[in-house]
Amino acid sequence: MIARVLAGERELYHELIRPYERLVYVTIFAILKNETEAEDGAQEAMISAFRNLKSFRGEAKFSTWLVTIAMNEARKRLRRAKTAAENSLNEPLEESEGDFTPAVLTDWREIPLEALERKELKEKLREAVALLPEKYREVFVLRDIEELNQEETASALGINTTLVKVRLHRARMMLQKLLVPYLRGQGPFHGQGKPARGGFFRRWFQ
Amino acid sequence: MNLECKHVWEHISSYLDKQLDAELLAAVEKHLESCEVCSAILDSTRNILVLTADDRTYELPLGYSVRLHARLEAAMRSLSG
């Protein structure tokens, strides 16, 4: 179908991208956590993919190629929106440093099924994902939200698979730590207990 | 091989992805059988991933597809001149 689009049947491009509409939007939304920006970004990414379709060589899957474009669009928009304060969160982190311990639970075994159904919990998860430092968030989005495999994620982000594995582990442990207190009803995201973003991550990486 | 809790934590992600080799897997599972703390950490992490993979966690805005294709059509027309 790609060859036909390139040969001039451009209306087929609509059908080509239809199965990936969600993939592109969710990738950008999970990075930016802003519906309007994500929708605009998804449109731009799909237009950019059309413009660059002839550079798709078929070495990667079409979905991975699209995700790479979506991720670049999200990064561009994030860079534009980022404050200096948020930038500083990402700087001190090195792959070999940091204490990535999970939250230790003593009186809790499992999230009850009804808790997983709660809309509020889904919102907390989206917030927690948006709080992850960018390089961890990107890997988490591709591996655990988009369910790309390790190799596809590495290829989309231009990093090696070992780094994908390390970053994914750290992202998951950070989310576990961010979400578990909330699940236990102690809400770290609101009220008196809400940590300043910088403060939280400083504590985390000490 | 006897693992301490902090060593088990390092392998939680690989355990969930079924990427541990047989020896390490056996050691982690042995530890999990007797350690409630690590079991709870594993369960909570797994449940977060279940929630993440749920399509309802990240939903598309209403009308997204229609707007996407309309803009695409306009862009393609202007690109084709």
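Helices (H or I, at least four residues) and strands (E, at least two) are DSSP runs, numbered from the N terminus. The structure is a predicted model, in which local features need pLDDT of at least 70, side-chain atom pairs count only at pLDDT 80 or more, and totals for chains, interfaces and linings use all residues. Residues are numbered from 1 along each chain as its sequence is written, while chains are lettered from A and ligands numbered from 1 in the order in which they are written.

Chain A contains 12 helices and 0 strands. Of its 206 residues, 39% are buried, a residue being buried if 20 or more other C-beta atoms, placed from the backbone, lie within 10 Å of its own. Two residues are in contact if their C-beta atoms lie within 7 Å; of the contacts in chain A between residues at least 6 apart in sequence, 69% join residues at least 24 apart.

Helix α9 of chain A (residues 134-145) is largely enclosed by the rest of the structure, because 10 of its 12 residues are buried. Among them are Tyr136(A), Phe140(A), Arg143(A) and Asp144(A). After α9(A) comes Glu147(A), with a positive phi near 60°.

Helix α5 (residues 62-81) of chain A and helix α10 (residues 150-157) of chain A have axes that come within 9 Å and cross at roughly 45°, the axes being lines fitted to C-alpha atoms over the stretch in contact, with angles from 0 to 180 degrees between N-to-C directions. The contact involves Thr64(A), Val67(A), Thr68(A) and Met71(A) of α5(A), and Glu152(A), Ser155(A), Ala156(A) and Leu157(A) of α10(A).
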